[in-house]
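Good morning, colleagues. Please keep the display open as I speak.

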Amino acid sequence: MPPKVFTHSTLAGRTLSVASASEIALVPGEVILTFDDGPRPGKTEAILDTLDTFGIGATFMMLGTSAERHPDLVRLVAQRGHTIGTHTYDHADLSQLSNAEAMAEIAAGEEAVAKALGRAPSPFFRFPYLAQTGFLRTSLTQSNVVVLDVDIDSKDYFSETPARVMERTLARLDARGSGIILFHDIHARTVAMLPDFLAELDRRGYSVVRLTAKPQGVFGRDVITAQGPQEPSSFLRLN
């Protein structure tokens, strides 16, 4: 293992509140943890317990279908102090859909997560497969949605050992020095790997930044619809 290269005194770092993707600026040694595709019974709870053990926050990019099936887990993630964003309704490749179909898929995902949560989720969105178009990204930005990109892909969806996932992720992180890390809270290998991974992050001097959304003002933000930005509804208003 490489020597400690950063000097943070604790794994729990600062809270970063943003209103746009351009405001997600990390310094060397800082990481943001994200978990896609959940929630998933037996996996999400275990990940929450590990995050609690280390006293750190993460961002969960939830699918609408998963939120509908497990609304109790959606609320548990929020109750444990983590940020909830969305990841479409059913993990569709939006680049293969018409503009209207893609926006409808995004809107359905946000609505399902909001219904499970009992309020609007944070305005963070990630494209499934990271597949996007200029139209979709522009439409989301105009609706004050923060598109969450990926700097380090753990590729924990590969059928590999937890040790291999950890090794690859650490190697990519060390090469880059900071960034947004992509995990999934639906895989047993990720659950198994996470405690050792976080312990190693701490040993190497990294800190985990908690990502949150800036307040959107008294009128909240625009609602995503198949037609693009609309006036905020009382149900999906973020404020």
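In which loop is His 91 found? His 91 sits in the loop that runs between strand 4 (83–86) and helix 4 (99–117).

Most residues other than glycine have a negative phi, and most peptide bonds are trans. His 91 counts as buried, because its relative accessibility is 18% and the cut-off for buried is under 20%.

His 91 also brings us to a pocket. The second largest pocket has a volume of about 170 Å³. It is lined by 13 residues, and those closest to its centre are His 91, Tyr 129, Tyr 157, Leu 182 and His 184. Sorted by class, the lining of this second largest pocket holds 6 nonpolar, 3 polar and 4 charged residues.

Two further backbone features deserve a mention. Asn 144 has a phi near 65 degrees, again a positive value in a residue other than glycine. Asn 144 is placed in the loop between helix 5 and strand 6 (146–147). With a relative accessibility of 33%, Asn 144 counts as partly exposed. The other feature is a cis peptide bond, from Gly 38 to Pro 39, with omega near 5 degrees. Pro 39 belongs to the loop between strand 2 and helix 1 (44–54).

I turn now to the aromatic rings. How many aromatic pairs are there? The count comes to 5 aromatic pairs. One of them joins Phe 35 and Phe 183, whose centres are 5.7 Å apart with 25 degrees between the planes, a stacked arrangement. This pair links distant parts of the chain: Phe 35 is in strand 2 (residues 30–36) and Phe 183 is in strand 8 (residues 179–184), 148 residues apart.

Phe 125 and Phe 127 form a pair of another kind: their ring centres are 5.1 Å apart and their planes stand at 85 degrees, so the pair is edge-to-face. Phe 125 is buried at 2% relative accessibility, and Phe 127 is buried with a relative accessible area of 3%. Ring pairs also link Phe 35, Phe 60, Phe 183 and Phe 197 into a cluster.

As for the chain overall, its secondary structure comprises 7 helices and 11 strands. Of its 239 residues, 52% count as buried. Among contacts with a separation of 6 or more, 75% are made by residues 24 or more positions apart. Thr 141 and Ala 21 are 120 residues apart in sequence, yet 9.0 Å apart in space, C-alpha to C-alpha.

I close with confidence. The protein chain averages a pLDDT of 91, and 87% of the residues score at least 70. Over residues 229–239, however, the pLDDT is below 50, although this stretch has 40 contacts in the model beyond near neighbours in sequence. Where pLDDT is low, the predicted coordinates should not be read in detail.

Conventions. Residues are numbered from 1 along each chain as its sequence is written. This is a predicted model: local features need pLDDT of at least 70, side-chain atom pairs count only at pLDDT 80 or more; totals for chains, interfaces and linings use all residues. Side-chain values use heavy atoms; hydrogens and water are left out. Rings of Phe, Tyr and Trp (its six-membered ring) pair if their centres lie within 6.5 Å; planes under 30 degrees apart count as stacked, over 60 as edge-to-face and the rest as tilted. Helices (H or I, at least four residues) and strands (E, at least two) are DSSP runs, numbered from the N terminus. Buried means under 20% relative accessible area, exposed over 50%, partly exposed in between (1.4 Å probe, protein chains only). On a 1 Å grid over the protein atoms alone, a cavity is a set of points where a 1.4 Å probe fits but cannot get out, and a pocket is an open set with protein on both sides within 12 Å along at least five of seven lines; lining residues have an atom within 4 Å of a point. Grid points are joined across faces, edges and corners, and a volume is the space filled by probe spheres set on the points. Ala, Val, Leu, Ile, Met, Phe, Trp, Tyr, Cys and Pro count as nonpolar, Asp, Glu, Lys and Arg as charged, and the others, Gly among them, as polar. pLDDT is the predictor's confidence in each residue, from 0 to 100. Contact means heavy atoms within 4.5 Å.
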